[in-house]
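Here's a quick walk through a predicted model. Have the 3D view open while you read.

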Amino acid sequence: MESTYHNPVMLSECIEALNIKEDGIYVDLTFGGGGHSRAILEKLTTGKLYSFDQDSDAQEQAKKLSEEISNPSCFVFVKANFRYLAKYLRMYKVEKVDGILADLGISSHQIDEPTRGFSTRFDADLDMRMDTSTSETAKDILNEYSETELHKLFGIYGEIKNAKTLAKTVVASRINKPIETTTEFKEILNRVAPKKQEFKYYAQAFQALRIEVNQEMEALEDMLLQCADVLKTGGRLVAMSYHSLEDRPLKKIIQTGKFQGEVEKDFYGNIIKPFEAVNRKPILATKEEIEQNPRARSAKLRIAEKI
């Protein structure tokens with residue numbers, strides 16, 4: 001059954017890549033609406049699936065899934081950021097797992113929920129927290145960060161070319177009145193956005209804020225560095241990214257075992273690395289899937305095996 005909450009991207013490709021054994025132990029690091037988790041559970045008999053998500057809405061979806069599946073004892077939902085992967089597996093006395101799935105980025109439900117402030121389409125408070133129990137929101141960042149901090153944020157996480165100009169404009173705008181809503185922020189973006197590229201510019205600026213609010217790059221680094229330790233030899237890491245900021249470190253981890261891509265060699269000059277790439281080039285969604293689910297357009301699927 002397909003979830004209307006979040007349409008999982010490249011579902012069959014992800015499940016096939018995990019190479020699921022019916023008695024294996026698997027981790028879905030981004031539960032979201034549970035589409036991938038449901039498909040994994042359908043292949044388990046005596047195995048176990050641990051699904052992580054820090055979002056309260058996802059927790060509600062997990063409760064529904066538990067009630068609907070035939071083997072609820074196979075399923076454990078962990079309400080936590082995936083950066084705590086190893087910690088929670090230890091808590092559940094899990095030493096090694098057979099496969100890890102990570103569908104990175106933001107769920108379509110979070111974007112489509114007007115009150116969360118993730119979307120450029122709705123007027124809402126500038127919130128953007130995936131875990132609503134944390135304190136810092138996008139509003140806090142826009143109103144409290146220095147011009148230098150904002151310049152860096154928009155340049156690195158938004159890959160915005162005129163990031164310095166945008167930072168200056170934000171700081172000048174908030175002098176008279178705090179920036180509190182998505183509409184107010186878009187009005188500021190309009191002043192400096194390249195002509196006919198306004199929507200792309202909105203998306204870049206909103207992405208930058210979202211990544212900072214949720215510490216997404218720090219969490220990604222923490223998680224990726226733990227994957228090799230928790231996977232069994234022959235276990236699979238299956239990860240899907242939606243922009244280059246996620247894909248680059250993922251590619252480097254697979255190639256070198258290091259988040260920044262630094263190479264470590266043994267006495268004989270061989271690269272010391274925990275993974276072997278299963279697919280040299282990332283798998284992309286089919287034309288048919290992109291037509292049905294536009295979010296799949298930017299998705300890149302990478303598969304690696306623990307060696």
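## A buried aspartate and the sheet

Asp-127 counts as buried, because its relative accessibility is 16% and the cut-off for buried is under 20%. You'll find Asp-127 in the loop that runs between helix 5 (108–112) and helix 6 (138–144). What is Asp-127 in contact with, leaving aside its neighbours within four places in sequence? The list is Arg-116, Gly-117, Thr-137, Ala-138 and Val-213.

Seven strands make up an open sheet with mixed pairing, and their order is 3-2-1-4-5-7-6. Strand 3 (75–78) and strand 6 (275–277) each have a single partner strand, so they stand at the edges and one side of each has no neighbour in the sheet. From one strand to the next, the twist averages 20°.

Let's pick out one pair. Strand 4 (residues 97–103) runs parallel to strand 5 (residues 231–241), and six bridges link the two.

| Helix | Strands touched | Direction angle |
|---|---|---|
| Helix 11 (residues 216–230) | strand 4, strand 5, strand 6 and strand 7 (300–306) | about 155° with strand 5 |
| Helix 12 (residues 244–256) | strand 5, strand 6 and strand 7 | about 20° with strand 7 |

Note on methods. Residues numbered from 1 in each chain as written. Predicted model: local features only at pLDDT ≥ 70, side-chain atom pairs only at ≥ 80, totals over all residues. Heavy atoms only, no water. Pairing = 2+ DSSP bridges. Helix = DSSP H or I, 4+ residues; strand = E, 2+ residues; numbered from the N terminus. Axes fitted to C-alpha atoms, helices over the stretch in contact; angles between N-to-C directions. Contact = heavy atoms within 4.5 Å. Buried < 20%, exposed > 50% of the residue type's maximum accessible area, 1.4 Å probe, protein only.
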